[in-house]
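Hello, and welcome to this fold. Here are a few notes to read with the structure open beside you; please follow them in order.

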Amino acid sequence: MLAALSEHINKNFSFLKNKKLLVAISGGIDSVVLTYLLQQLKFDISLAHCNFHLRGEDSDNDEKLVLQIADHFQLPVFKKSFDTSNYAKKEKLSIQLAARKLRYEWFDVIVKENKLDYILTGHHADDNLETFLINAIRGTGLDGLTGIPEKNLNIIRLLLPFTREQIKKYAKENAIVWREDTSNMETKYVRNKIRHKVIPILQELNPSLLSSFQKTLRNLKESRL
């Protein structure tokens, strides 16, 4: 996976070299693996971790792991705690939207205050499929059917070509420690319901679902040119 990511960056994101990058790291497998990969590729990275205080002790343990990773690699790390539940009530937002708004507003502050260039997140191919299905179910235009953008202003998503299984395989092969977010198993959220109930059925119908989906995305994007 390291070689594949290096090739992907050289082909599509060569402008990231010699730039100062902020990695959004939750402690979950995706952002932790992204951090390890970028560290191996010798990029200039800092870490940013949000503690949304939504999962009690688990949230604090996520933060501890991020601080351990930063210490291990001797990386600058920014961390911030949020009263997400009260903010969501005050702004009349869902918890997910409130956390997203708090996260990206804070990232923008870090970037400006520290003269960083880009924000990197750990979104991958499975996230892309889930987002596509959510948009399709709710009703959307062509933009909503072309998936999560690899580049959106100063936000870069380097792992979109890679699947959750590829990321997990790399983590296990390299003895990488990560934190599992148990709330990801709760099907009260639309994304989790799609992940655990809808996608497994689609994969029964088409075992190559992800590769077929990525081909469809390419065709949709080309149709816009």
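1. A term to begin with: a crossing is left-handed if the near helix is turned anticlockwise from the far one by less than a right angle, and right-handed if clockwise. Helices (H or I, at least four residues) and strands (E, at least two) are DSSP runs, numbered from the N terminus. By that wording, the crossing of H6 and H9 is left-handed.

2. Some background before going on. This is a predicted model, in which local features need pLDDT of at least 70 and side-chain atom pairs count only at pLDDT 80 or more, while totals for chains, interfaces and linings use all residues. Residues are numbered from 1 along each chain as its sequence is written, and side-chain values use heavy atoms, with hydrogens and water left out.

3. Now the sheet. Six strands form an open sheet with mixed pairing, in the order S3-S2-S1-S4-S6-S5; two strands pair if DSSP finds at least two bridges between them. The edge strands, each pairing on one side only, are S3 and S5 (151–152). S5 is joined by two bridges to S6 (residues 155–156), and these strands run antiparallel. Look for Asn 152, whose bridge partner in S6 is Ile 155.

4. At the S3 end, S2 (residues 44–51) and S3 (residues 77–81) pair in the parallel sense over five bridges. Ala 48 has Phe 78 as its bridge partner in S3. Between S2 and S3 the chain passes through helix H3 (residues 57–73), a β-α-β crossover that is right-handed (with the strands pointing away from the viewer, the path from the first strand over the helix to the second runs clockwise).

5. Which strands does helix H5 (residues 95–114) lie across? They are S1 (20–24), S2, S3, S4 (118–120) and S6, and H5 runs at about 145° to S2. Axes here are lines fitted to C-alpha atoms, for helices over the stretch in contact, and angles run from 0 to 180 degrees between N-to-C directions.

6. H5 also meets helix H4 (residues 84–91): their axes come within 9 Å and cross at roughly 105°. H4 and H5 are therefore roughly perpendicular to each other (angles under 35 degrees count as roughly parallel, over 145 as roughly antiparallel, 65 to 115 as roughly perpendicular and the rest as oblique). Contact means heavy atoms within 4.5 Å, and Thr 84, Ser 85, Tyr 87 and Ala 88 of H4 make it with Ile 95, Ala 98, Ala 99, Lys 101 and Leu 102 of H5.

7. Back to H6 (residues 125–138) and H9 (residues 209–223), whose axes come within 10 Å and cross at roughly 65°. The two helices, H6 and H9, are therefore roughly perpendicular to each other. Among the H6 residues that meet H9 are Leu 129 and Phe 132, and the H9 residues include Phe 213 and Leu 217.

8. H6 has a further partner in H8 (residues 190–205), with axes that come within 10 Å and cross at roughly 100°. That makes H6 roughly perpendicular to H8. Their contact includes Leu 133 and Ile 137 of H6, and Ile 194 and Leu 202 of H8.
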